[in-house]
Amino acid sequence: MSGSRSTWLAVAVLTLPFARPAVDAPGFEIRSTLQGAQLVTLVSAEGVVTSQFADSAHPEQMTRQFIVRYTDQSLYGVDGSARHYTRTTLSAQLERSHARQQHILGTSPPISGGTALPRGATLRPLRDKDRIDGIPVSAYSLTMPGQAWRIWVATSLPRAPAASLASLAALVPVDRASARTLAQIVGYPVVRTELRRDSVWVRVLETSSIRRVLVKAADLSPPEGFSEATPRPGAPGLRERERRPASRTAWARRSACAGRRNRGAVSSRSPAAP
């Protein structure tokens, strides 16, 4: 999980809707920096929209945007350069996420007893507290093999609807011991993330300001004049492999074949013995 991608997903809060049109609602504007790119996030009881401004030549132009509209389950990914967008729903996102996890599970090496390697991250509350423009934020540790993160969550800002939280939590692969902590913070905005490197916390996402604003219903739709992109077919066989994960026997067979190929390649490159 790369720093920028995982942080983008954390900032873009996913959730379920209620079947009614979105309306103007009081909310908050969060201004942040993600590895040099500017982010502006609007959150309200109606949804979330995160806009990225990463073009240094035209800093005022939006380059990417992610929209979550609670009222009809819509999720939009917007490409500011191409002036188009894609649309999906949370239920479809959940289905793809589950299929992806099953695919990974099916292609993972077995351990003793034939079970898969554990993949859930560990989420724990920390004592660290801070404030950004008077808004309290709390720190949590998120650890996984080879990585340690400290994430800061603003639990006083608008949260995703209560009916959606269990579905949202299903998108975050944590271990069983972390499920209760995840349930307490899922659906709230993440305002700061830090990655542990050489005993030092390196900030990946940093929020500079949080202020009250009116989030308009139009903010929760793609910009006017943008067109919907035609979905591009996936790689041949990929969706089928995700739906039918490989067995442990198949994994072992592929590994053995790869090993034989690698040994052959090494042998062919090695100089002859004197």
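**Exercise 1.** Find the residue that stands opposite Ser44 in E3, and describe how strands E2 and E3 are joined.

*Solution.* Ser44 stands opposite Gly47 in E3. Strands here are DSSP runs of E, at least two residues, numbered from the N terminus. Next, strand E2 (residues 37–44) and strand E3 (residues 47–53) run antiparallel and are joined by seven bridges. Two strands pair if DSSP finds at least two bridges between them.

The model is predicted: local features need pLDDT of at least 70, side-chain atom pairs count only at pLDDT 80 or more, and totals for chains, interfaces and linings use all residues. Residues are numbered from 1 along each chain as its sequence is written, and side-chain values use heavy atoms, with hydrogens and water left out.

**Exercise 2.** Give the strand order of the open sheet and name its edge strands.

*Solution.* The order of the twelve strands is E7-E8-E9-E10-E11-E1-E2-E3-E4-E5-E6-E12, with mixed pairing. Strand E7 (122–132) and strand E12 (227–228) each pair on one side only, which places them at the edges.

**Exercise 3.** Is Thr89 buried or exposed, and which residues does Thr89 contact?

*Solution.* Thr89 belongs to strand E6 (residues 84–89). Thr89 counts as buried because its relative accessibility is 19%; the cut-offs are under 20% relative accessible area for buried, over 50% for exposed and partly exposed in between (1.4 Å probe, protein chains only). Leaving aside neighbours within four places in sequence, Thr89 is in contact (heavy atoms within 4.5 Å) with Gln73 and Leu75.

Definitions and conventions:
Helix = DSSP H or I, 4+ residues; strand = E, 2+ residues; numbered from the N terminus.
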